[in-house]
Structures are given as C-alpha cells and as structure tokens.
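This report looks at a sheet and at aromatic contacts.

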Amino acid sequence: MTPTANLLRFDKDALVEWLGAAGHKAFRARQVMHWLHQRGVADFEAMTDLAKPLRGWLREHACVQALPVVTEQRSRDGTVKWLFDVGAGNAVESVFIPETSRNTLCVSSQAGCAMACSFCSTGAQGFNRNLDTAEILAQLWWAEFTMRAELGLADGERAISNVVMMGMGEPLQNYAALVPALRVMLDDDAYGLSRRRVTVSTSGVVPMIDRLAADCPVALAVSLHAPNDALRDQLVPLNRKYPLAELLAACERYLAHAPRDFITFEYCMLDGVNDTAEHARELIALMQGRFPWKCNLIPFNPFPGSGLRRSSAQRVAAFAATLTEAGIVATVRKTRGDDIDAACGQLAGEVLDRTSRRGARVVAIAASDAVSAANQG
Ligand code: SAH
Ligand code: SF4
C-alpha cells in the first residue's frame with residue numbers, strides 16, 4: 001500500500017507522477033494544487049471539482065500536514081513572526097514583512113546551519129538537519145492563508161508577493177528540497193510568483209549557484225560581507241573552499257540566466273571589522289569592471305557570545321555614501337519588528353532556550369526583517 005503522502009511535498013511534475021501511478025489523470029494534479037496552494041483548502045471533501053472516488057482515494061493515501069506553530073508574535077509595525085516546530089527539539093522561523101508595495105515572507109531552509117559564519121546565531125547553533133520540501137512550503141502555506149484571512153483578502157488575492165530564502169540555513173546546501181519548493185512558488189497553478197519576486201540568498205556555494213542557474217533561476221542574493229579573501233575567510237568560513245574569485249565568476253555566469261540584470265550583495269556591517277572607508281574602497285575596486293551589482297548593507301544584529309558589535313549609523317551611512325558616489329546602488333536594510341525580536345538582519349539575535357508546550361526543548365532564533373534590496377527594482 002502507498003504510504004500516506006503529505007501533499008505539501010510535491011511540485012506539479014511530482015504530483016502528476018504520484019497521482020498517475022495510481023491511475024489518476026494529469027489534470028487532477030492541477031486541480032489539487034489549486035485547492036491546496038491557491039485556496040488553502042486542506043480538506044479533500046471540500047475539493048468539490050474532484051471526482052468522488054478520487055476524494056476517497058486521497059483520504060486514504062494523502063494528507064496535508066502543516067507545521068505546528070510554537071509561537072506567533074506580532075509587531076506593532078505589522079511584522080509577524082512564526083516559530084514552527086520541526087520535531088526532535090528543533091524549530092525554524094518565518095517572518096512576514098508588510099510594506100506599501102509588497103509583502104515579503106522570509107523562509108527557512110534548514111534547522112541550524114553548518115556554515116558557521118561568525119556573525120550569525122543560526123551558524124553558532126550548528127547544523128541540525130535539512131528541511132524537506134513540505135517543511136519549506138508549509139511555512140509559505142501557513143503564512144499565506146493566515147495573512148489572507150487576517151487581511152480580509154478576497155479569493156484569488158494574494159497576501160504574500162515576495163519570498164526570500166533568508167531564514168535559517170543555507171538554501172544551496174539543501175538543494176534537492178529547495179528546487180521543488182521554488183517551483184511551487186513559481187507555478188501558476190500554485191503561488192504564481194514571478195522569478196524576480198523569489199530570492200535565494202547564499203553564502204556562496206559555487207557549484208550550486210551554477211546548478212540553480214540551470215534548474216530554476218530566481219533572483220540571487222550573495223552574502224559577501226568582506227572585500228578580500230583574508231577577511232571573508234574569517235567571517236564566512238565557506239570562503240576558504242570557494243574564494244572570492246570563484247564566487248564572483250559564478251555570479252557573473254548566473255547573470256546570464258537570472259531574472260534580474262544585477263546581483264545583490266549582502267554586507268553585514270560589523271563595527272571596526274569590515275565597515276571602514278578603506279573597506280568600502282576595496283569593495284569598489286574588487287568589483288570594478290565586473291558586472292552590475294547592488295549592495296544591501298545590513299546593520300549587524302548582535303547576539304550573546306558573538307563578540308561583535310553593530311556599526312554605528314554614521315559608519316553605515318558613510319559606507320553607503322562611498323558606494324553611492326562610485327555609482328553603486330547601496331541600500332541600508334531597515335529594521336522591522338523590533339518589538340518582537342524580528343528586527344535583525346537575519347535569524348540572528350537572541351537565542352532562546354525554552355520549553356515548548358509539548359515539553360520538547362526548542363531553540364528559537366530571533367528572526368529577520370529580511371527586507372532585502374534583492375526585492376527591489
Ligand atoms: N544562509 C544564507 C541565507 C540566510 S542568512 C546566507 O547566508 O546568505 C540571510 C542574511 O542575513 C545573510 O546575508 C546573512 O549573512 C545575514 N545575517 C546573518 N546573521 C546576521 C546578523 N547577526 N546580523 C545581520 N545579518 C545577519
Ligand atoms: Fe548559515 Fe547564512 Fe548564517 Fe552563514 S549567515 S551561518 S550561511 S544561515
């Protein structure tokens with residue numbers, strides 16, 4: 001007997017195949033995806049255009065399993081942060097960030113992260129495990145239909161216009177689960193987001209940047225954080241494997257496939273570490289004559305034990321001004337949801353050891369504002 005499948009794990013091709021193996025026609029996959037991802041319906045009986053026998057078959061063989069919500073926090077500025085239980089004491093976060101022209105959801109790809117960047121509290125936790133496709137999509141599914149109801153949107157109106165893979169984890173280290181999830185985000189039979197409105201942020205997994213270009217080219221943001229290898233080796237240890245020359249070459253190759261004609265570089269501003277005028281000039285020189293890029297400066301979100309400090313607002317402004325004078329578009333990431341710890345540049349910040357209602361030990365990571373320049377333009 002086929003084991004019960006969580007329908008959130010399928011992209012359309014996989015759903016066609018899975019239903020097809022049981023003799024169901026391909027168009028049924030589209031119908032199921034409409035109910036699930038466009039209308040948020042999880043009850044097979046309510047899927048009224050499905051033939052009765054198919055509904056019965058789904059009841060037996062399929063389920064729609066969302067992630068249990070551990071906490072939901074709401075900021076005065078409209079930012080909403082969910083902490084989802086992914087089992088065995090692990091939890092991941094998603095953050096909904098409303099703005100005038102778009103609503104962005106920041107999504108996690110892994111519980112923890114193996115990349116160990118020195119300024120990141122997810123990295124400080126170490127790697128727990130990859131999320132599967134269903135767990136990645138469950139974050140979007142939950143946020144979309146929770147916010148749609150809350151905002152009083154009509155059927156067909158979308159709550160979330162942009163997705164950024166900037167939550168916990170390195171998405172390109174979880175490639176096999178990531179790509180089907182991206183395909184569902186893009187699929188007109190599901191969320192129907194344009195490629196420009198879905199952003200993958202990476203610390204620089206070079207071979208996977210090339211694979212993403214071939215398989216599913218969405219907007220790309222690269223976590224640069226340093227203008228030379230010596231400093232980047234310290235801040236982003238992955239740089240020792242894929243140094244700047246290789247990373248920048250991969251970015252240039254990616255541009256040939258990208259939905260946007262520039263690459264966004266994220267640059268976390270660390271007091272006295274990478275934020276001087278000299279660093280700004282070095283960054284400009286590094287990129288001279290290469291390819292179009294934009295710089296998203298993220299004020300560091302401090303967390304206990306990091307030993308790092310946030311650059312002053314003046315330093316950030318001066319750094320941005322130096323880039324701007326050189327003709328580079330530089331934006332400073334706004335902090336959002338300060339009052340709910342969703343304000344940091346990423347899932348850094350405060351690490352909370354807490355006991356969930358089920359008694360499991362849950363390590364919660366304060367979440368991100370995740371509003372990236374990658375989303376703009
Ligand atoms: N792993 C991917 C995506 C998640 S991190 C990556 O590294 O790109 C999303 C962004 O937040 C990255 O640019 C990351 O470097 C940044 N970030 C991590 N910790 C931060 C902190 N404490 N303060 C500010 N930005 C941080
Ligand atoms: Fe992982 Fe990104 Fe944090 Fe680095 S910044 S440890 S890659 S989540």
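The sections below cover the basis of the model, the sheet and the aromatic rings.

## Basis

This is a predicted model, in which local features need pLDDT of at least 70, side-chain atom pairs count only at pLDDT 80 or more, and totals for chains, interfaces and linings use all residues. Residues are numbered from 1 along each chain as its sequence is written, and side-chain values use heavy atoms, with hydrogens and water left out.

## Sheet

An open sheet of mixed pairing is formed by 10 strands, in the order S3-S4-S5-S6-S9-S10-S11-S12-S13-S14. Its edges are strand S3 (69–74) and strand S14 (329–332), each pairing on one side only. Strands are DSSP runs (E, at least two residues), helices likewise (H or I, at least four), numbered from the N terminus; two strands pair if DSSP finds at least two bridges between them.

S3 pairs with strand S4 (residues 80–87) in the antiparallel sense over five bridges. Lys-81 in S4 is the bridge partner of Gln-73.

## Aromatic rings

Seven aromatic pairs are counted, taking rings of Phe, Tyr and Trp (its six-membered ring) with centres within 6.5 Å; planes under 30 degrees apart count as stacked, over 60 as edge-to-face and the rest as tilted. The pair Tyr-267 and Phe-319 is tilted, because the planes stand at 35°, with the ring centres 5.0 Å apart. Tyr-267 belongs to strand S12 (residues 263–269) and Phe-319 to helix H11 (residues 313–325), so the pair ties together parts 52 residues apart in sequence.

Tyr-267 is buried at 0% relative accessibility, and Phe-319 is buried at 2%; buried means under 20% relative accessible area, exposed over 50%, partly exposed in between (1.4 Å probe, protein chains only). Elsewhere, ring pairs link Phe-10, Trp-18 and Trp-57 into a cluster.

Notes
Chains are lettered from A and ligands numbered from 1 in the order in which they are written.
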